[in-house]
Amino acid sequence: MNFFSKLILRHAGLILFVGFLLTAAGAYYSVQLYKNLRTDIEELLPTSVRSILDLDEVTARLESVENLAVLIFSNNTIASKKFATDLGEKLKKAPSKIIASVEYQIKTELEFFKKRRPLYMELDDLVKIKDYIKNRIEYERSLYNPLNIFTEDELPEPYLDFRGMRKKYDKKVSAFSRFPDGYYATPDEKKRVVLVYAPGKVSGYLSIQRLKNYVVDIINELNPKSYAPDIEIKYTGGVQNLIEEQAALLKDLSVSTIIVILLVTLALFIFFKNILATIALLLSLFMGVCVTFGVSYFWVGYLNANSAFMGSIIIGNGINFGIIYLARYLEERRKGKNIIRATNIAMTHTSTATWTAALAAGLAYGSLILTGFRGFQQFGHIGLMGMVFCWISAFSILPSCLVYFDKWFPMGEKKFPSLNVLSFFSYLKFFLFRPLWKKHFFSRTLANLINRFPSELWAITFIITLLSATQFVLHYQTSIIETDLTKLRNKKSLESGSAFLWKHVDEIFQRYISPLIILPKKQEDALAIAEALKEKKAREGKTSSIAAVQSLDDFIPRDQLRKIAILREIKNRLTPRLLTRISPEDQKLVSEFLPQEAFQPVNINDLPPLVISKFTEKDQSIGKLVLVDPPLDNSLWYGNKLINFIKDLRQVTDSIAPGTPVAGTLPISADLIEAISRDGPKATFLAFIAVILLVVFFFRNLKTITLVLFALILGATWMGGIILGFDLKINFVNFIA
């Protein structure tokens with residue numbers, strides 16, 4: 001290191017100039033990197049994972065898979081209905097690049113199916129109705145035949161369980177008929193929702209913000225308060241979730257970075273009691289961090305929800321090397337060594353230890369590169385580069401700064417630099433910190449404790465280690481991986497934001513409105529998959545994780561020609577003369593049951609546009625989509641139930657059409673949990689091996705190696721005992737620790 005120390009002493013100005021240029025460039029590209037922040041949960045998984053491949057295929061084939069839900073609250077139900085109508089119609093005129101489609105009512109669709117209700121009944125039930133009408137007519141004729149008064153035999157009165165039959169079909173259409181006047185609203189109409197679907201895959205903050213801004217501008221143009229003074233507008237749904245998570249993440253990043261910088265600066269100032277030395281250290285750290293993220297812009301390209309916090313972590317870890325160098329430098333200067341000698345000693349005696357520490361931390365991070373989890377991979381790349389660049393800046397920029405600062409304000413003096421601007425801080429430090437921070441207070445106290453009570457310390461260590469090891473035995477078999485991903489959501493969103501407001505959407509629809517999407521390449525495969533899943537649901541009964549299965553075939557009545565023949569027979573039996581004998585209420589029921597539309601077969605092209613659009617792909621092919629609703633109570637978010645549910649779905653689909661996409665939030669969540677469970681132990685093992693090899697390579701002394709690794713294992717054991725003892729769950733964010 002003598003060569004490097006001489007180089008720095010001779011060319012400190014040039015080194016600072018080059019460092020300034022690198023820092024400026026790094027700062028610029030760091031900003032660009034953080035602008036490309038992606039909070040989507042799928043950005044954490046490997047691109048080769050099935051849920052990601054499935055999502056990519058589905059979003060490439062469908063117009064939209066995500067929405068922004070506009071909630072409308074008002075006690076004035078007439079005004080809120082008018083506002084929902086006006087808003088929906090205006091949003092339908094939006095460019096297709098901004099809004100794919102809009103839904104706020106299904107009045108047309110309900111009317112369509114109501115007029116063709118008999119065609120959607122089961123054939124057996126229609127036969128029962130036909131037979132009942134036939135027998136009823138015969139019974140009535142027999143009852144009112146005057147000749148029958150001489151017969152002793154009495155015909156049994158025909159019976160049909162109309163109530164049970166109506167209950168059966170009301171249950172099937174309850175998901176749609178509950179909407180008042182066909183509008184998406186609660187029964188009291190005080191809560192309404194307008195669903196605005198985003199085109200294609202919702203990715204990129206600018207695209208989703210553009211959609212949200214467009215909707216907000218239209219709402220402001222309509223002026224909701226002009227419809228009703230009490231009207232309120234709230235936003236929820238997948239688009240709003242991404243906006244809120246992005247905003248919360250950026251806020252947390254800013255706050256955490258500021259807090260880290262302030263705390264680090266304060267700690268350095270208190271410890272070194274020299275503001276110029278603190279500034280020099282922070283400048284070198286700033287260069288290391290900026291260069292790290294500047295290179296990451298070209299190496300990684302973007303940040304996800306996991307790697308976004310690397311700034312605070314690199315600041316906290318990267319400053320250690322500079323602290324050790326600066327402490328040794330100031331120590332030598334205060335002993336009376338000149339700048340040249342102090343620089344040489346500091347670099348020579350701290351380079352190996354700090355370089356070892358930098359590589360140990362860097363390789364521990366770098367081991368994450370070998371995992372398939374993108375959330376870990378980015379951490380590994382940025383963490384490894386961060387430790388290397390921070391060490392380089394600590395042994396280039398920091399010494400160069402100290403050379404100039406020390407010439408201007410000698411740091412060998414024990415007295416604080418007499419600067420007018422800093423005189424207040426000088427006196428404050430002298431009166432507040434001097435009495436508290438005596439020289440070597442902590443180190444001497446700790447050394448005295450170790451020398452006086454070694455046996456007691458060993459006993460305490462043994463007890464703590466034993467208690468920690470006991471926690472491994474008692475709790476390691478239980479699930480330590482956090483499977484409830486809702487706990488990782490933004491707290492504000494859960495308490496008052498999008499996640500909190502979603503309960504109103506559930507109240508309106510009473511079903512899962514973002515179902516899992518199964519999208520085979522053939523229509524016959526879609527029909528087979530839908531039937532297989534319906535059979536699975538029927539076998540499992542109430543314990544099934546499948547709430548509903550829907551395909552386009554469900555909207556096309558089966559056995560239509562036979563049903564129409566039965567309806568004609570029923571109509572022929574109910575002659576006008578016979579109808580005059582029944583009550584007006586029954587006549588109304590007959591007219592509703594036998595409208596003209598019920599005698600015409602229903603084809604795909606006859607279905608309402610909203611229904612067809614749900615099952616239409618970008619290439620205009622229709623009918624290859626299967627929708628699977630999970631339970632509304634979110635019971636699938638816990639334990640291995642979610643993983644098993646997704647495995648079952650994939651097994652059913654693959655048995656019919658191998659490789660069929662099964663896309664949605666739940667498959668991504670299941671793969672995320674599995675990825676953490678698989679890559680977590682792998683990354684930990686690789687990091688440990690890397691540290692062992694590094695320690696062996698640098699120290700090459702069995703006693704030193706044993707002591708270093710013993711301390712590491714001991715600390716890790718205690719940490720593991722605390723995690724297991726307090727039932728702390730490991731997730732894709734805190735696993736890095």
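Reader: What covers the buried residues of α27?

Author: This is a predicted model, in which local features need pLDDT of at least 70, side-chain atom pairs count only at pLDDT 80 or more, and totals for chains, interfaces and linings use all residues. Residues are numbered from 1 along each chain as its sequence is written, and side-chain values use heavy atoms, with hydrogens and water left out. Helices (H or I, at least four residues) and strands (E, at least two) are DSSP runs numbered from the N terminus. The cover over the buried residues of α27 includes α17 (454–475) and α26 (665–699).

Reader: Which residues of α27 are buried?

Author: Buried means under 20% relative accessible area, exposed over 50%, and partly exposed in between (1.4 Å probe, protein chains only). An α-helix has 3.6 residues a turn, so residues three or four places apart point the same way. In α27 the buried residues are I705, L709, L714, T717, G720, G721 and L724.

Reader: How many Å does α27 reach from its first C-alpha to its last?

Author: Helix α27 runs over residues 702–725 and has 24 residues. The expected span is 1.5 Å times one less than the number of residues. For α27 that expectation is 34 Å, and the helix comes close to it, with a reach of 34 Å.

Reader: Which residue caps the N-terminal end of α10?

Author: Helix α10 covers residues 275–299, and G301, with a positive phi near 100 degrees, follows it. At the N-terminal end, a side-chain oxygen lies 3.1 Å from the backbone nitrogen of L276. The capping residue is N274.

Reader: Does E189 count as buried or exposed?

Author: E189 sits in the loop between α7 (162–177) and β4 (191–198). Its phi is near 65 degrees, a positive value in a residue other than glycine. Because its relative accessibility is 19%, E189 counts as buried.

Reader: Does Q620 count as buried or exposed?

Author: Q620 lies in the loop between α24 (609–614) and β9 (626–629), and its phi is positive, near 75 degrees. Because its relative accessibility is 55%, Q620 counts as exposed.

Technical notes: Contact means heavy atoms within 4.5 Å. A polar contact is a pair of N or O atoms within 3.5 Å; within protein, one must be able to donate a hydrogen and the other to accept it, and residues adjacent in sequence count only if both atoms are side-chain atoms.
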